[in-house]
Amino acid sequence: MPRIIHTGQALVDATAMIPDLPRRGQNTMAAEWNQHAGGAVNILAAAARSGANAVHAGAIGTGSNGDLIRATLEAEGVTWSAPAVEGSDTALCVVLVEPSGERTFVTTLGAERSITVESLQTSNPQPGDLVCVTGYSLAIDSTREPLEAWLTTLHGGVEVVLDPGAVFATLPAETRRRMIERTTVWTSNQEEADDYLAAVGQTRADHPGSAMADAAAALAEVLPGVAIIVRDGRHGCAVSVGGVTVDVPGFPQEPVDTNGAGDAHTGVLVAERARGTDWVEACRRANVAGAITVTRRGPATAPTAREIDEFLSQRA
């Protein structure tokens, strides 16, 4: 079965549950807090729980945070290919979660930014493998330059999955162009899709469906040949492939923590595609993963394939 290879940053999420964001210069008291492996780990864990052979190709440090990343990957059955970065630890991402489930992030930089063409190549992608790229890798020169150089060496049969993140639309046009040239799958939320469309001067398509379907159809026009997935939380997602755009309804839940829901969606989506599942069914199962994840606290809380099966059977 094709592998899922993630090139992005594995971080440690330091999460605090807060009543509200404080005013600038002020303080708020957290009801609880925890630390877990996050970032790329969320997607890899979600993929592995759906049966995928998952590999982390990014850099991991040698301190306590790096140890936590490796222990979490090992527990999930995920391998890592690159050697540890000596003398530097993996960084923290501070996550503030409000009662509504809304999240605010502060990301620090560490060993996870120390990638090279050689370290990425230790993952040895083969035709059929799905290589995941996050837009945040393109925002910093230390990760953008080796990643761009490495992507040009990949076999044409390797699928490149771009999760643009909020940052992608703000990147220089030439950086976006080089990434899009190698992208075969785009998966984002509604806001990220709209931001990119605005950045390239494209309006939403007039599609007889949801706003996310409008955005997916518009993206398909400016990204020909790319499979487009646009998700919108409880509403599910839209997929546009081969000139056909389809709404795939979601499964609304009462959220307690939305951290990691998009990652769970992406992880299950790529795992299903590696298995050969068609796009619509892969999106349906990814929607279930997101729905279950928001009912659980913590970043890497994606369901297993069996839990997705049980969820769907209860709604048959």
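Two strands are taken as paired if DSSP finds at least two bridges between them. In this predicted model, an open sheet of 9 strands is present, with mixed pairing and the order S5-S4-S1-S8-S9-S10-S11-S12-S13. Its edges are formed by strand S5 (79-80) and strand S13 (244-249), each of which pairs on one side only. Within the sheet, strand S10 (residues 185-189) and strand S11 (residues 227-231) run parallel and are joined by 5 bridges. Across this pair, tryptophan 186 stands opposite isoleucine 228 in S11.

Two helices that pack on the sheet are described here. Helix H6 (residues 190-199) touches strand S9 (159-163), S10 and S11, and its direction makes about 115° with that of S10. Helix H8 (residues 261-275) also packs on the sheet, where its contacts are with strand S1 (3-6), S8, S9, S10, S11 and strand S12 (236-241). The direction of H8 makes about 150° with that of S11.

H8 also takes part in covering helix H10 (residues 305-313): the cover over the buried residues of H10 includes H8 and helix H9 (279-293). The buried residues of H10 are Ile308, Phe311 and Leu312. Because they cover an arc of only 95° around the axis, these residues lie on the same side of H10.

Asparagine 124 counts as partly exposed because its relative accessibility is 39%, and partly exposed residues fall between the cut-offs of under 20% for buried and over 50% for exposed.

Notes. Residues numbered from 1 in each chain as written. Predicted model: local features only at pLDDT ≥ 70, side-chain atom pairs only at ≥ 80, totals over all residues. Heavy atoms only, no water. Buried < 20%, exposed > 50% of the residue type's maximum accessible area, 1.4 Å probe, protein only. Helix = DSSP H or I, 4+ residues; strand = E, 2+ residues; numbered from the N terminus. Contact = heavy atoms within 4.5 Å. Axes fitted to C-alpha atoms, helices over the stretch in contact; angles between N-to-C directions. Arc of directions from axis to C-beta.
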